[in-house]
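Here is my note on the model, written so that you can follow along on screen. Take the points in order and keep the viewer open as you read.

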Amino acid sequence: MDYKKLGLKCGLEIHRQLDTKSKLFCGCTTKMMEKKPVLIIKRKQHPVLSELSEIDVAAQYEYLKDKTFHYQVFNNESCLVETDSEPIHPLNQEALEIALQIALLMNCRIPEELHIMRKNLIDGSDVSGFQRTLIVGLNGYIEYYGKKVKITHVALEEDAASIVGEDEKNKTYKLNRLGVPLVEIGTGLLIGYTPEEIQEIAYLIGMTCRSTEKVKRGIGTVRQDVNVSIKNGARVEVKGVQELGLISKVIQLEVQRQMSVPRVKKEVRAANLDGTTKFTRPLPGAARMYPETDIPPIPIDKKMIQRIKKHLPESWIKKMKRFEKKLNLSEELTKQIIRSDYLDLFEKIVKKYRVNPSVVANVFVSTLKDLKKRENVRVEKLEDKDFEELFNLLKERKVMKEAIPEVLKYKVEHPDEPVIVGVKKLGLEVISDDELMRIVKEVIKKNKGQLEGKIIGFIMSRVRGRVKSENVVRIVKRLLK
Amino acid sequence: MYSKIIQDVLKKNNIKIGDFVRVKKDESVYEGMLMPRIELGDTSCLVIKLNNGYNIGLKFEKGVKIGKIKGGFEIAHKHKKVTKKIIFDKKLPTISIIGTGGTIASKVDYRTGGVYASFSPEDIAMQIPDLKKIANIKAEEVMNIMSEDMTPERWIETAKEVAQDVNAGYKGVIVTHGTDTLHYTAAALSFMLRDLPCPVVLVGTQRSSDRGSSDVVMNISCAANFVANSDVAEVCTVMHGTMEDDYCLAVRGTKVRKMHTSRRDAFRPINEQPLAKIYWKSRKIEIFNKNYRKRSDSKVKVDAKLNPKVALIKCHPGLDPEIFDFYLDKKYKGFVIEATGLGHTPTLGKYSLLPKVEKIVKLGLPVVITSQCLYGRVHPTLYHNLRELSRRGVIFAEDTLPEVALVKLMWILGHTRNLERIKKMMLTNYSGEINPRIEPKDFLV
């Protein structure tokens, strides 16, 4: 499909939870580990009149459903603030600093005074009826292969409660996610890009956030909204794409949908797990925002910005260049490892154990995937320390890189045994040069007159994964001469 | 207010608050509406409302340029002429809503971010749609003050407004009020409105009415139902019963206290059961406490004689008895002591209150003892120290709440200065302020 001809225009809004000690406006933990609610509070919400006495379309639509909201309260994870029974506490400074880091990494301007706004929501996902949000950065950009992609804003906001059940009259929410700090990054209108390229841009934004090492990882910690429109169409907002890898598919399917319906309506759609979307509500009018008055605006002084700038993490562009030039990774491998969840661990291992970076990167981006895909090995059970032990063994030449898949598989099946025990039990310890010489001589003697290739084959079947194969070839060739 | 420098620049460029402006700063351009400078924060920061709705503050420094794009809104709320009464259905009873402060309806102007309170019956009805099915309403704001600025003079003013509507034949009256001192006003109205023929209910809101979660909707809805349909002719409060939006409690105006700074269910009955439970959606009214005045055809009389020269003094370790001399110098005519436990005050050495109490009583002024425990009754003779106080002629006010005793003593002093008569009146149960039988279930209700 020629997306340029179709006039594809997209906008991205990327949300990432921050891994702070406490929530944005109270002292509750952001861990979200509790399973059982200790209390359920039933509440109603009502529309708030606007100056024009017109409750906007979206709000009214929701209101007419006449829902009862059931809020689940969890120990340590929700207090009077989340239940809208106590005014908010001062803004979490840790979250503010992380958000400022992200804004600066995206080359944003930082206002000297941050104003917290209330964004009205009437779906019940925020107990108070509004979500608090503040812009921390504006007018930024990220580089995308020589082009500048505009970042319109970086906002710091409180996450909404997560929905756990719904029927015609009731909606049940868990309050442990409500108030977890979240950054929202909005791009300018992306015109002239393919869906794949737009997905790539989303990746870059995600990587930039991750480079602070202060964003949460895993399911539910990242959510993307994508605005999609084509020529003669209307703006459709697809909310809640949970996986970055789904963005291009969502865009493709939404374009197809818009082409197949006679009149595209402005609306909000929710992303399903397979990339298709479902209608949720008409698109709300202009942002329903007004200032938060419970706490004053937050001054940002130049010294604070300078201090944060000094300690900014490496940008992804610099990191890519460094991986290619200093670590000698191929361009493809660089791209893969930078996107990988194991990026931090990769860097740590390369620095600490000084093993071949390509070998380490390959383990993380392909060996683990193969094990999972082909043999259904639950590689997610492997912990950071297991990889550290493995690469330490590699560095001390106690194991060969060829043995790694087998060793990892064994480790998953025997989580209590150290990696080295697995190596021994599998008989995959490295063979010394003397031992190798003895085996080669023995095989040659037994198979007199056989072709060189066959003899190498016999030997390899005995020493695979325990010596460098080029050593076997070299010794056989020398002895047969 | 913006700093002088900003004000001058705005004037020079003919820019008014509310205009759309373009600000150039550090090679970056920001466009949006110029907002008024809010009271908090840096007056040398321009506040701009961006087109996406967010506000930001930009420091006005050297090199910053501001220009007008176009004129904008006038950021001020225009008061419309409002009707006072709205009839939804002639068959429904008509009730009166009197505003003293606190808001029922709020309007948010998203263009400017302004929040405006409205007291028009139309806006109230729009905010609380169930009202249409409950009662016709007359609504009038007689004053608009913060709860903490309430005064005895304003209690009297409020009482007169209520009485006027009661005697004009409204089925019941709702008084909206800020929450902090709502229970003082409730007590004052309880004593001043004599021969009340219908319910008079005080209602507040703990979470402001500009939020979708505000408690005001259920509180007013339940209050309207209660004053229109119950036969409880008492002054009471109607506020959330729990943290949920399921029912409100009607609590007697002399037995209610704000027990939490921010929860919806902050107003609790002390030393007795709530009068009634009012379910919101089903509109069922469940009577809990049958000890109440019934509706009648009588006319209410305002007995508004008050003497506000009464001091409320809280006992605590280290309290200097000389504090009483200050009040005596200032010609205070009565004292309510919020004593410890069963009604104790210090009696030892230089901290002993006994000499002062003796002096005050000898001057013919009343000293009333209540307890800072709030729950339970004070006792005049149980311990030696209590007997010492009692012997000196102080008045032990049973289970009357300290704040209620304060209001009651003001009211009594408006009628008599005779100590014996004061004592008798203080121990007379005028408006349910004394519960002669406290039951086990009456604690932490």
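1. Let us begin with two terms. Two strands pair if DSSP finds at least two bridges between them. Helices (H or I, at least four residues) and strands (E, at least two) are DSSP runs, numbered from the N terminus. With that in hand, look at chain B, where B:Val368 stands opposite B:Ile395 in strand 24. Strand 23 (residues 367–371) of chain B and strand 24 of chain B are parallel and joined by two bridges.

2. Please keep in mind what kind of model this is. It is a predicted model, in which local features need pLDDT of at least 70 and side-chain atom pairs count only at pLDDT 80 or more, while totals for chains, interfaces and linings use all residues. Residues are numbered from 1 along each chain as its sequence is written, and chains are lettered from A and ligands numbered from 1 in the order in which they are written.

3. Seven strands in the order 18(A)-5(A)-4(B)-3(B)-2(B)-1(B)-5(B) make an open, antiparallel sheet. Its edge strands, each pairing on one side only, are strand 18 (298–299) of chain A and strand 5 (65–70) of chain B. Where do the two chains join? Strand 5 (residues 113–114) of chain A pairs with strand 4 (residues 55–59) of chain B, antiparallel and over two bridges. There A:Glu113 stands opposite B:Gly57. Strand 5 of chain A is also joined by two bridges to strand 18 of chain A, again antiparallel, and A:Leu114 stands opposite A:Ile298 there.

4. How many residues of chain A are in contact with chain B? The count is 40 residues of chain A against 39 residues of chain B; two residues are in contact if their C-beta atoms, placed from the backbone, lie within 7 Å. On the chain A side, the elements that give two or more residues are strand 2 (39–43), strand 3 (49–50), strand 6 (117–120), strand 7 (130–144) and strand 17 (289–291). That side divides into 19 nonpolar, 11 polar and 10 charged residues. Here Ala, Val, Leu, Ile, Met, Phe, Trp, Tyr, Cys and Pro count as nonpolar, Asp, Glu, Lys and Arg as charged, and the others, Gly among them, as polar.

5. Next, chain A as a whole. It has 16 helices and 18 strands, and its C-alpha trace spans about 100 × 55 × 50 Å along its principal axes. Of its 481 residues, 41% are buried. A residue is buried if 20 or more other C-beta atoms lie within 10 Å of its own, exposed if 12 or fewer, and partly exposed in between, with C-beta atoms placed from the backbone.

6. Why do its buried residues line one face? In helix 14 of chain A, A:Leu436, A:Val440 and A:Val443 are buried. Seen down the axis of helix 14, the buried residues fall within an arc of 70 degrees, so they line one face of the helix; the arc is that of the directions from the helix axis to the C-beta atoms. An α-helix has 3.6 residues a turn, so residues three or four places apart point the same way. The buried residues of helix 14 pack against helix 15 (452–463) and helix 16 (469–480) of chain A. On the other side of helix 14, the exposed residues include A:Asp434, A:Arg438 and A:Lys441.

7. Finally, have a look at two asparagines in loops of chain A. A:Asn76, between strand 4 (68–73) and helix 3 (93–105), has a positive phi near 65 degrees. A:Asn107, between helix 3 and strand 5, has a positive phi near 60 degrees. Most residues other than glycine have a negative phi. A:Asn76 is partly exposed, with 13 other C-beta atoms within 10 Å, and A:Asn107 also counts as partly exposed, with 15 C-beta neighbours inside 10 Å.
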